[in-house]
Amino acid sequence: SWKVEIEKLDYHHYLPLFFDGLCEMTFPYEFFARQGIHDMLEHGGNKILPVLPQLIIPIKNALNLRNRQVICVTLKVLQHLVVSAEMVGKALVPYYRQILPVLNIFKNMNGESASGIDYS
């Protein structure tokens, strides 16, 4: 549970911090990072777009781990990020060159190793 209302948090400080936690694979750290991201994206509104440039490096770091579980969670976070506020999807376009190459490698893996992907 949050000690402060989520809307009152400093998004420039906490949202990148939680995104850094995408690389975590140990419980409870991975849970706290992911839950913090989803809670902040759910309540962030117009506070999310100005923080977007700070989120690219943690997203790229998580994808560069090339761990199936981390990549799947990062993709779900990216989906939530895009629908969390107006213009976020459009603002991500300049960063595609940093994000998409790792996803292309993951997409081209053989069927055995990519079976953990939830296409829904």
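Glu-30 is buried, its relative accessible area being 17%, where buried means under 20% relative accessible area, exposed over 50% and partly exposed in between, with a 1.4 Å probe and protein chains only. The model is predicted; local features need pLDDT of at least 70, side-chain atom pairs count only at pLDDT 80 or more, and totals for chains, interfaces and linings use all residues. Residues are numbered from 1 along each chain as its sequence is written, and side-chain values use heavy atoms, with hydrogens and water left out.

**Exercise 1.** Identify the salt-bridge partner of Glu-30 and state where the two residues lie.

*Solution.* A salt bridge requires a side-chain nitrogen of Lys or Arg within 4 Å of a carboxyl oxygen of Asp or Glu. Arg-34 is buried, at 10% relative accessibility.

**Exercise 2.** Describe the salt bridge of Lys-8 and the accessibility of its residues.

*Solution.* The side chain of Lys-8 meets that of Glu-5 at 3.9 Å, N to O. Lys-8 is exposed at 62% relative accessibility, while Glu-5 is partly exposed at 48%. The whole structure holds two salt bridges.

**Exercise 3.** List residues through which α3 and α6 meet.

*Solution.* With contact defined as heavy atoms within 4.5 Å, α3 contributes Ile-56, Ile-59, Lys-60, Leu-63 and Asn-64, and α6 contributes Gln-98, Ile-99, Val-102 and Leu-103.

Conventions:
Helices (H or I, at least four residues) and strands (E, at least two) are DSSP runs, numbered from the N terminus.
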